[in-house]
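Q: Could you take me through the aromatic cluster in this model in some detail, and then show me the protein around it?

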Amino acid sequence: MTTHEQARSREERRRDTLARLTDDKDSWIATASPDGQPCLVPLSFAWDGATLVMCTRRSNPTARNVASRGEVVVTLGHTRDVVHIEGTAEVVEGSALAQESADTFAAKLRWDPRNRQTWVYLRITPRVVKAWREENELKGRLIMSDGRWLD
């Protein structure tokens with residue numbers, strides 16, 4: 001078990017979170033159907049500086065849930081280094097995603113779904129971000145609220 005003696009400052013957590021958003025490739029995304037049925041799946045992502053961009057088949061429950069509810073929870077990391085993101089999400093057709101975001105996705109994940117009719121992008125705008133490692137970081141884990149990074 002890794003322990004971290006001293007809790008990170010909010011600025012350190014923000015810097016570490018931005019590094020994870022830039023460097024990590026995989027996440028867990030949780031959605032819910034209109035009747036509240038939960039769905040949790042792993043999806044790869046790219047960070048374009050403001051939103052997470054993911055891709056899935058348009059027929060998958062995750063895409064259908066995003067289209068109907070527009071709310072997601074995304075987590076990065078493992079149980080001793082968590083980034084927890086609550087956000088709004090939208091389904092975006094391949095040709096409708098901004099070229100810079102689509103290019104970022106394709107370069108990071110070495111896959112370009114823009115011209116695949118059965119695939120759609122999910123664009124997730126973080127509203128709340130929390131980051132913590134051990135129990136000593138539970139207090140102060142909130143680093144973004146209402147879509148704004150906290151000072």
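A: Phe 105, Trp 111, Trp 119 and Tyr 121 are linked into a cluster by ring pairs. Rings of Phe, Tyr and Trp (its six-membered ring) pair if their centres lie within 6.5 Å; planes under 30 degrees apart make a pair stacked, over 60 edge-to-face, and the rest tilted. Before going on, a word on where this comes from: the model is predicted, so local features need pLDDT of at least 70 and side-chain atom pairs count only at pLDDT 80 or more, while totals for chains, interfaces and linings use all residues. Residues are numbered from 1 along each chain as its sequence is written, and side-chain values use heavy atoms, with hydrogens and water left out.

A search of the whole structure turns up three aromatic pairs. One of them joins Phe 105 and Trp 111: it's tilted, with 6.2 Å centre to centre and 55° between the planes. Trp 111 also pairs with Trp 119, and here the ring centres are 4.9 Å apart with the planes at 75°, so this pair is edge-to-face.

How covered are these rings' residues? Buried means under 20% relative accessible area, exposed over 50%, and partly exposed in between (1.4 Å probe, protein chains only). Phe 105 counts as buried because its relative accessibility is 2%. Trp 119 is buried too, at a relative accessible area of 19%, whereas Trp 111, at 25%, is partly exposed.

Now for the rest of the protein. Buried residues make up 40% of its 151 residues. The secondary structure comes to three helices and eight strands, in the order α-β-β-β-α-β-β-α-β-β-β along the sequence; these are DSSP runs, with helices being H or I of at least four residues and strands E of at least two, numbered from the N terminus. The radius of gyration is 16 Å, close to the 15 Å that the globule rule gives for 151 residues, so the protein is as compact as a globular protein of that length. That radius is taken over C-alpha atoms, and the rule is 2.2 Å times the number of residues to the power 0.38. The C-alpha trace spans about 50 × 35 × 30 Å along its principal axes.

As for contacts (heavy atoms within 4.5 Å), take those between residues at least 6 apart in sequence: 65% of them join residues at least 24 apart.
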